[in-house]
Amino acid sequence: MDNIESMNKKIILKRVNIILFLDFTVLALSGLLNRFIPYEIFRFLHPVAGGLMVLLVIMHLYLNWNWVKSNLKPAEKK
Ligand code: HEM
């Protein structure tokens, strides 16, 4: 059964995932194509997208922590 708290978590997780995907796309493209982007833009865009990604990854792990915990546990004996 889903309580309100876990439903809110799911909604937040969905949004975090969408922003994470878009941010990673900007980060990876700006890093890989940096030679073709004016340095003034790269110098701002890339570190901001990078810092944001670190924050979003932490939020993503936090919101999936139950999954992480249950997959770190040793397999149950039969
Ligand atoms: C897909 C992942 C990434 C790729 C492909 C990538 C690629 C690059 C490349 C090629 C440069 C050197 C550009 C140059 O000076 O010619 C660079 C610089 C830099 N990267 Fe990344 N990077 C990635 C992730 C990150 C992340 C996660 C962060 C921060 C948490 C970050 C922060 C920086 C910073 C601060 C610089 C120096 C910017 C400057 O010259 O002022 N990058 N990156």
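1. Helices here are DSSP runs of H or I with at least four residues, strands are E runs of at least two, and both are numbered from the N terminus. With that in hand, the protein chain reads α-α-α along the sequence, which comes to three helices and zero strands.

2. A word on what you're looking at: this is a predicted model, where local features need pLDDT of at least 70, side-chain atom pairs count only at pLDDT 80 or more, and totals for chains, interfaces and linings use all residues. Residues are numbered from 1 along each chain as its sequence is written.

3. On overall shape, the protein chain is more spread out than a compact globule, because its radius of gyration is 17 Å, well over the 12 Å that the globule rule gives for 78 residues. (That radius is taken over C-alpha atoms, and the rule is 2.2 Å times the number of residues to the power 0.38.) The C-alpha trace spans about 60 × 30 × 15 Å along its principal axes.

4. Residues around it (C-beta, placed from the backbone, within 6 Å) include Leu 27, Asn 34, Arg 43 and His 46. Helix H1 (4-32) and helix H2 (39-63) are the elements that give two or more residues to this shell. H2 gives the most, with seven residues.

5. What classes of residue make up the shell around the ligand? There are six nonpolar, five polar and one charged. Ala, Val, Leu, Ile, Met, Phe, Trp, Tyr, Cys and Pro count as nonpolar, Asp, Glu, Lys and Arg as charged, and the others, Gly among them, as polar.
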